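Dear colleague,

I am handing over the structure below, and my notes on it follow. Please read them with the model open beside you.

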Amino acid sequence: DGLVISENVKSNNVDVKIPESELEAEDKGAEEEHPRESDSNILDVSSDYPRDKHISIQRHLADLEKLADLREDERKPCPLCPEEKFKACYSHKLHRHLQNLHWKVSVEFEGYRMCICHLPCRPVKPNVVGDQTLSKMGAHYHCIICSATIARRTDMIGHINRHVNKGETEPRFITVRAPKSSYRVVKESATDVQVLPNHSTPQKTDSYFNPKMKLNRQLIFCALAVLAGERKPIECLDAFGATGIMGLQWAKHLRSSVKVTINDCNENSVTMIKENCHLNKMKVKLNIREEDNGETVGNGEENSDTIEVTKMDANVVMHLRSFDFIHLDPFGTSVNYLDSAFRNVRNLGIVSVTSTDISSLYAKAQHVALRHYGCNIVRTEYYKELAARTVIAAVTRAAARCNKGIEVLLAVALEHFVLVVVRVLRGPTPADDSAKKVRYLIHCQWCEERVFQKEGNMVEENPYQQLPCDCHGSMPGKTAVLLGPLWSGALFNTGFLRRMLLEAVQYGLDEAQPLLKTLICEAECTTLKHFSTHSPGDENKQEECGVYIRTSNTSAESYIVHGKRKSEEVLRSAAKRQRAEHSAEHPPFYYNVHRHSIKGMNMPKLNKFLNYLSEAGYRISRTHFDPMGVRTNAPLAQFKTILMKYSTPTYVGAQAEGPVHLPGEIQVGEEVPAAAAVKVEEAELAEDDKSGVTAAMFTESYPTHCAAE
């Protein structure tokens with residue numbers, strides 16, 4: 001701090017700290033520049049003027065509006081005009097003023113706009129008198145490269161061209177940031193971060209912080225904690241730091257087990273990350289480029305309290321260095337960074353991807369999903385799982401291009417994000433095995449039956465034969481669509497989820513524990529979880545958070561790695577074990593009970609319905625994707641039959657009371673028009689004379705209003 005001085009810009013009342021070395025360098029550059037400027041409209045600025053980026057130099061018009069938003073009043077002043085020239089007004093009028101008076105007449109240079117400034121930061125010539133003349137002659141531009149102020153726009157363009165001809169194209173300034181009084185401190189998981197007042201709007205702030213993503217951060221922390229227990233120390237990267245909250249939590253709780261690197265390409269975000277590190281009593285180690293400039297913070301020693309902060313593009317930092325754990329959380333889709341992430345990630349490392357472009361993944365913007373992921377999707381009852389499999393398919397293809405395969409450890413799709421955590425398996429054989437699991441899905445649009453297309457390159461004469469339903473024969477036109485390519489393998493690793501639950505309990509992550517327990521049951525496709533407090537003498541029990549959960553002998557726990565490399569024999573044995581237990585994987589996709597319920601019938605309670613399916617010999621579980629969803633290996637026809645059997649009529653006048661018994665051949669609840677549904681079912685019943693049920697009796701018992709929704 002002894003090498004830094006503080007000066008005050010009176011025009012905008014912002015405190016800026018600038019190194020003395022930079023001031024001296026710019027003073028020399030200004031002395032060389034100003035004598036060559038012969039135009040009378042170019043004025044030199046005294047040496048005591050701070051060499052920083054003036055507030056009139058911005059990248060976007062929204063950045064100018066943010067300067068006015070720092071004032072909490074309803075009426076906001078113009079940041080580039082004095083109050084006597086432009087009085088404070090409402091935001092819509094201020095937007096028109098900034099756009100028409102300042103932004104349209106700006107001078108552009110390398111992505112920056114030098115807007116016209118009316119502040120009294122440029123001295124007026126002595127021969128100019130009168131307030132009206134002073135206000136006209138006071139307008140000027142601030143040079144982005146040096147400290148000159150220039151009155152005319154044409155002269156400003158010529159001034160910039162002279163800099164370019166001399167090879168001076170890099171701006172020499174420090175970004176002016178908001179005063180610290182406008183920041184507020186947010187605490188999460190014993191970690192403090194300071195954020196801007198507009199931190200919840202990612203397109204208008206440099207420090208985006210979303211409190212709704214707390215569950216996402218806890219899940220990623222648990223995954224990193226499990227990896228840290230396998231091998232130490234591990235190098236982990238938060239490629240999009242923003243406020244640095246995630247990397248700070250890693251370093252603060254895991255300590256010497258991890259070497260944290262927080263990266264962001266925005267200069268304001270990098271500065272805020274450094275301040276948040278000091279706020280949490282962490283030392284900052286800057287990258288080599290910044291260390292050469294003499295801007296090191298702390299002593300640069302590598303210890304448990306040191307965090308490395310880099311200012312690069314995420315693709316660049318992942319190409320330059322190797323990491324054991326990489327987390328990608330850009331604003332929107334993450335497909336632009338997958339190739340770089342898998343390029344240098346170490347063997348058996350973990351890559352976690354958070355995608356927030358839910359409008360495309362949830363089939364609200366299908367053309368965007370096709371453009372970003374190369375995947376054709378439609379809105380279905382299982383659209384959230386469809387989104388997770390879409391992201392995993394993109395991850396698989398990116399890893400295969402780098403001769404790496406993946407093992408999916410976790411896939412979560414909630415309201416605001418889709419999180420995918422995969423383990424990297426190096427080698428062409430795992431890459432080929434993973435690529436084979438990316439297949440197309442055949443989806444029936446009438447009954448929403450679905451099945452993955454069979455492996456092979458041969459074209460089938462009738463692909464509808466792969467669907468268990470007969471909607472193509474009974475309904476007119478084309479009834480099915482081809483979705484994908486999608487990931488067809490498992491979405492969860494039971495052993496890894498169990499260890500994540502242990503870490504969540506150890507670090508007191510209360511929000512993640514219920515979700516992890518649901519994921520464990522979903523991964524095993526069972527609801528039979530018995531918590532007991534007996535001694536751990538039974539080998540079939542595993543300790544979790546102080547209690548013992550009974551598990552089966554066939555449940556395979558994920559392999560634990562004690563080193564940075566694993567022999568090929570162990571990898572081959574793990575692959576054989578996975579192939580042998582492929583039949584025990586959880587069934588793909590789920591059914592929504594409300595979607596297949598019958599109009600005019602009261603369906604049973606969900607837990608009772610799960611018991612009915614289990615008694616019929618099917619594997620069942622709840623799913624986190626949908627609170628009313630049921631993951632089961634039962635065919636859709638049997639699912640509807642059991643649901644109809646234990647549903648009760650809503651109307652008193654109905655003949656049947658209690659459970660309704662239907663022949664196994666009848667498929668109720670199909671999404672067809674009421675008249676068409678009755679005709680189809682009558683035709684089926686008329687052919688079945690042995691059942692003793694006539695079409696007239698069926699019409700009486702099930703009137704038109706009982707057709708499927």
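The charged end of Arg 379 sits over the ring of Tyr 383, at 3.7 Å from the ring centre, where a charge counts as over a ring if NZ of Lys or CZ of Arg is within 6 Å of the ring centre and within 35 degrees of the ring normal. Arg 389 likewise lies over the face of Phe 589, 5.0 Å from the centre of that ring.

Please note that this is a predicted model, in which local features need pLDDT of at least 70 and side-chain atom pairs count only at pLDDT 80 or more, while totals for chains, interfaces and linings use all residues. Residues are numbered from 1 along each chain as its sequence is written, and side-chain values use heavy atoms, with hydrogens and water left out.

Ten aromatic pairs are present in the structure (rings of Phe, Tyr and Trp, the last by its six-membered ring, with centres within 6.5 Å; planes under 30 degrees apart count as stacked, over 60 as edge-to-face and the rest as tilted). In one of them, Tyr 382 and Phe 589 have ring centres 4.6 Å apart and planes at 55 degrees, so this pair is tilted. The two residues are 207 apart in the chain, with Tyr 382 in the loop between helix 13 (366-373) and helix 14 (383-401), and Phe 589 in the loop between helix 19 (568-580) and strand 25 (591-592); helices (H or I, at least four residues) and strands (E, at least two) are DSSP runs, numbered from the N terminus. Both Tyr 382 and Phe 589 are buried, where buried means under 20% relative accessible area, exposed over 50%, and partly exposed in between (1.4 Å probe, protein chains only). Together with Phe 452, they form one aromatic cluster.

Leaving aside residues up to four places away in sequence, Met 500 touches Leu 219, Cys 222, Ala 223, Val 226, Leu 410 and Leu 516 (contact means heavy atoms within 4.5 Å).

Helix 6 spans residues 214-230 and includes Glu 230, which counts as buried because its relative accessibility is 3%.

Best regards
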